[in-house]
Amino acid sequence: MNRKLLGLAVLGGWLALPSAHAQFGGGPSELSMIKLNNDMYVISNVAVPGLVTALVTNEGVVLVDDKFEVDHDNIIKLLRTVTNQPVKYVINTHYHGDHSGGNAKMQAMNAIVVASDNARARMVAVNQPGQPNVTAAGPISLYIGGKTVEIHPVGPAHTNGDVVVLFPDYRVLASGDIFANGPGTSAQLVDYAGGGSAKAWPKAVEQALELDFDTVVPGHGLVSKRADLQAYHARTMRFSATLTELGLQKKSRADFEAVVRNEFDWEDFHVQAALDGLIKEFQ
Ligand SMILES: [Zn+2]
């Protein structure tokens with residue numbers, strides 16, 4: 001995965017523009033589907049790698065995230081290769097367009113979109129289509145086809161509306177963008193306009209780690225293990241501690257920039273999107 005493409009994808013998500021796809025040639029992403037267990041699948045793609053997690057039950061399908069609007073038809077096509085059940089629920093891990101851009105099309109198929117209070121508020125504020133039908137400030141559960149799906153608000157971290165989704169029957173967690181793992185995904189992107197926080201980020205990962213699971217589907221990258229999330233937690237701690245130290249030493253903008261670039265894999269798009277917010281948070 002090309003890092004620049006990924007960064008653009010993430011920024012595109014921030015801007016919540018379906019047209020962000022224009023940056024990738026305008027067409028839908030090429031999608032593939034990975035089987036996690038007897039009932040669960042992960043839909044991933046080469047160009048804009050926000051992952052979709054699917055639970056198939058005999059009372060309908062639950063999706064975590066639904067990519068950009070332009071990817072909708074291909075998501076449905078892939079699901080149809082394993083089930084004829086309708087999509088009953090779509091859970092948005094946060095408001096970014098690469099995770100929630102398909103909402104309106106899913107709602108048109110009678111799916112109910114669920115997100116945190118804060119994620120919906122942000123979608124309303126930026127006039128994003130497909131606003132969630134159901135929201136919660138605390139944990140809520142869905143019961144479908146004899147299975148349980150737990151939605152746990154965490155953070156602020158990537159945004160102030162992040163949730164993680166636990167499938168306790170399968171010991172699987174869909175983490176959204178509080179965790180990314182894989183080539184080109186290691187920079188920790190904080191959406192300050194969306195209420196994100198690098199300082200609070202480790203706490204959000206700790207909240208996720210309090211849950212009982214073995215497998216983690218990150219917001220971007222590769223299907224991972226609990227140990228990968230633990231390692232990522234250490235990285236978020238190091239990020240926060242390093243920036244706190246720079247703030248205490250009253251370091252310059254150039255110093256902050258050098259550290260995030262050299263030690264934390266930030267590139268131009270991360271710097272443009274989040275360096276000012278980061279400095280404000282730690283100075
Ligand atoms: Zn995001």
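How many strands form the open sheet, and in what order? Seven strands form it, in the order 1-2-3-4-5-6-7, with mixed pairing. Strands here are DSSP runs of E with at least two residues, helices are runs of H or I with at least four, and both are numbered from the N terminus. Two strands count as paired if DSSP finds at least two bridges between them.

Before going on, note that this is a predicted model: local features need pLDDT of at least 70, side-chain atom pairs count only at pLDDT 80 or more, and totals for chains, interfaces and linings use all residues. Residues are numbered from 1 along each chain as its sequence is written.

**The open sheet**

Next, select residues 40–45 and 52–57, which are strand 2 and strand 3. They run antiparallel and are joined by four bridges. Ile-43 stands opposite Val-52 of strand 3.

Helix 2 (residues 72–80) lies across strand 1, strand 2, strand 3 and strand 4 (60–64), at about 35° to strand 1. Helix 5 (residues 117–125) packs on the sheet and touches strand 6 and strand 7, and its direction makes about 105° with that of strand 6. Contact means that the C-beta atoms of two residues, placed from the backbone, lie within 7 Å.

Select residues 172–181, strand 11. Of its 10 residues, 10 are buried. A residue is buried if 20 or more other C-beta atoms lie within 10 Å of its own, exposed if 12 or fewer, and partly exposed in between, with C-beta atoms placed from the backbone.

Strand 10 pairs with strand 11 in the antiparallel sense over three bridges, and Phe-167 stands opposite Val-172. The two strands form a hairpin with four residues between them, and Arg-171 in the turn has a positive phi of about 55°.

Strand 12 (residues 215–221) pairs with strand 11 in the parallel sense over six bridges. Gly-176 stands opposite Pro-218 in strand 12. From strand 11 the chain passes through helix 6 (residues 201–209) to strand 12, a right-handed β-α-β crossover. Right-handed means that, with the strands pointing away from the viewer, the path from the first strand over the helix to the second runs clockwise.

**The core**

Which residues have the most contacts inside the largest nonpolar core? They are Ala-54, Val-164, Val-165 and Ile-178, in a core of 63 residues. Its largest share, six residues, comes from strand 11. A nonpolar core is a set of buried Ala, Val, Leu, Ile, Met, Phe, Trp, Tyr and Cys residues joined through C-beta atoms within 7 Å. Select Ile-178: among the residues it touches are Val-164, Trp-201 and Ala-204.

**Loops to finish**

Most residues other than glycine have a negative phi, and most peptide bonds are trans. Select Asn-110, in the loop between helix 4 (103–108) and strand 6 (112–116). Asn-110 has a positive phi of about 75°. Asn-110 is exposed, because 10 other C-beta atoms lie within 10 Å.

Last, select Pro-156, in the loop between strand 9 (147–153) and strand 10 (163–167). The peptide bond from Gly-155 to Pro-156 is cis, with omega near 15°.

Definitions and conventions:
Axes fitted to C-alpha atoms, helices over the stretch in contact; angles between N-to-C directions. Lists of a residue's contacts leave out its neighbours within four places in sequence.
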